[in-house]
Amino acid sequence: MVRTSKKYEAHSHYKEVFVEEGMKDYDTFTEWYMKQKGYGYKGLALEKDIFSGGNYTFNDCVLVPSGLNMFVVETKESCSKYNGLPLGIYRHEKEYRASSYHPITKKKIRKSFKRLPDAMLYWEGLKTSISKIWLDHLIKYDYPIDNRVLDWLSDYNFKYSQEDWEKYSSPIYKL
């Protein structure tokens, strides 16, 4: 509730977030939450972005490991981390870097490129391969996860839009 209130207004990615009426009621929400697959399992977070595009609804929210929750957040175009560059890319001195984290080791995965399209192509593959690492990890350790999450990870394939490719191939993004 706090994230969708005026207090959180500075976080633009929450401005249009919808909260289903029943979720606003503490008792109703608590009853629903306690019935979720993974309830009581340490380290799980409420994930709203996989199925609803960012809304809090009973049908679309699931419990996932907090690291997977971050993976999902960093797949959203509204992520402000990249300062006008494509998702997953940032500038460092005279190069473009594609960057993410390994979900298990937590080590940063980063590769530098002279050309922005090359960094984008690398990041598409990186993000997709990380989803498969997550899937294997959840299955191997038998996490109590909603099967829809496993299906989503199995089918996940990150691709920038054609609009992104056209925009970021512009000469203004040349170093």
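So, in which sense do β3 and β4 pair, and over how many bridges? Strand β3, residues 89–92, pairs with β4 in the antiparallel sense, over four bridges. By pairing I mean that DSSP finds at least two bridges between two strands.

Quick caveat before I go on: this is a predicted model, where local features need pLDDT of at least 70, side-chain atom pairs count only at pLDDT 80 or more, and totals for chains, interfaces and linings use all residues. Residues are numbered from 1 along each chain as its sequence is written, and side-chain values use heavy atoms, with hydrogens and water left out.

Okay, the overall layout. We've got six helices and five strands, in the order α-β-α-β-α-β-β-β-α-α-α from the N terminus. Those are DSSP runs, numbered from the N terminus: helices are H or I with at least four residues, strands are E with at least two. Of the 175 residues, 41% are buried, meaning under 20% relative accessible area with a 1.4 Å probe, protein chains only.

Back to β4, residues 95–101. Five of its seven residues are buried, so call it mostly covered.

The β4–β5 hairpin has six residues between the strands, and Lys 106 takes a positive phi near 70°.

Definitions and conventions
Buried < 20%, exposed > 50% of the residue type's maximum accessible area, 1.4 Å probe, protein only.
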